[in-house]
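Dear colleague,

Please find below the structure I am passing on to you. My findings follow directly after it.

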Amino acid sequence: MPKTFVLAPDSFKESMTALEACQAMQSGLQKVFPDAHFILHPMADGGEGTVDTIINAQHGQKIDVEVMGPLPSQRISTYFGLINQGKTAIIEMAKANGIHLLSSEQRDPLLTSTYGTGEMILLALDHGVSQIIIGLGGSVTNDAGMGMAAALGVKFLDQEKQPVKLGGGYLNDIQFIDISEIDQRLNNVEIIIASDVNNPLLGPNGASHVFGPQKGASPEMVIQLESNLTHFANLIEKHLNITVQDIAGSGAAGGLAAGLLVFTQAKIQSGVETVINLLDMQQAIYQADYVFTGEGGIDFQTKFGKTPVGVARLAHKYDKPVFVCAGYMGEGIESLYEEGITAIFGILDQSSDLRTALQNGPKNLSRCCENIARLIRSIDTSSFKNE
């Protein structure tokens, strides 16, 4: 009887989109199981590719827009998605304020802001949506959502009651927060934060210390950013009577999650679980013989909401074997086997420079899956002979 394979990888950054990874997996598996049935579920966990994954799965609509980029001087062309007959908007904050939009020399979390994400929320509201799902991966900001809130109508004022500049470097100038002119349509919209991190806003595991350096922050800037976020959090508690800094996940996207929790009353959900539910993967996993997933890199952090573990946890409910393929394998992957993963495989065939490895990603992934398929066939044949 033909085997059924569910293929549910995330993207392999700078090498393959999630769909291209699915296709590479299928190409390798088909060489061993030519009659197999393949169910392709390109995945995402709230970060890169989330909008496209959900639009394609739900046969949604792409809405082209122009918003402010990470820096105030930027205007960029981007898009968000509409699904559920236009009732639900899917926004990927990185489409407006992502790290990929700036060169390494331009990245400065003292200056970057989430204003463009706020503009995308407003444009979604203009379409009359009743639900907004916002993916928070891949940011280049550290402003605790101040820019996003400013776009929605919140006023952030200094000691002289003048508007404070956008950017994580100016949060310490804020002395007053005025929410009287925030867009009232937000009261009638459910907002879901889809995130793959559970870091708090402040502290050694917070937004500035953990993610600031990859966004261009020097050690001195990290200290300043932490101080500014602390000042901002204290102001929110003083003016709005909301304590946000210790909430798990509030540090996502440079604290954008915190801003959304405060100014829009959003709720945080696991990004990968949100995508799994929207893709309605339960039935596909149920009928599968084998499940394949993966992403560019895998290590101990993968268990904190990344795609491979999200897929494995669902498959574990139905006692399905799960094979993970990764471009590289870091430390601590042993703990992932407790999450329902059967085996983890690195796809590289030989030592090479990063550029070559990225270019050869599809070929390497296909060959890796072919080898796994040969192992599966060998075990299946052996089991049959022993019966």
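In this predicted model, five strands form an open sheet in the order β2-β1-β11-β12-β13, and their pairing is parallel. The edges are taken by β2 (37–40) and β13 (343–346); each has a single partner strand, so one side of each is left without a neighbour in the sheet. On average, neighbouring strands of this sheet are turned by 25 degrees against each other, direction ignored.

At one end of that order, β12 (residues 322–329) runs parallel to β13 and is joined to it by 4 bridges. Ala326 has Gly346 in β13 as its bridge partner. Helix α11 (residues 307–317) packs on the sheet, where it touches both β11 (290–298) and β12. The direction of α11 makes about 160 degrees with that of β11.

The other item concerns a pocket. The second largest pocket has a volume of about 320 Å³, and 17 residues line it. Which of these residues lie nearest its centre? They are Asn187, Val262, Phe263, Thr264 and Gln265. Among the secondary-structure elements, β9 (190–195) and α8 (252–263) each contribute at least two residues to the lining of this pocket. By residue class, the lining of the second largest pocket consists of 10 nonpolar, 4 polar and 3 charged residues.

With kind regards

Technical notes:
Residues numbered from 1 in each chain as written. Predicted model: local features only at pLDDT ≥ 70, side-chain atom pairs only at ≥ 80, totals over all residues. Heavy atoms only, no water. Pairing = 2+ DSSP bridges. Axes fitted to C-alpha atoms, helices over the stretch in contact; angles between N-to-C directions. Contact = heavy atoms within 4.5 Å. 1 Å grid on protein atoms, 1.4 Å probe; cavity = no way out; pocket = protein on both sides within 12 Å on 5 of 7 lines; lining within 4 Å. Points joined across faces, edges and corners; volume = space filled by probe spheres on them. Nonpolar A, V, L, I, M, F, W, Y, C, P; charged D, E, K, R; others polar.
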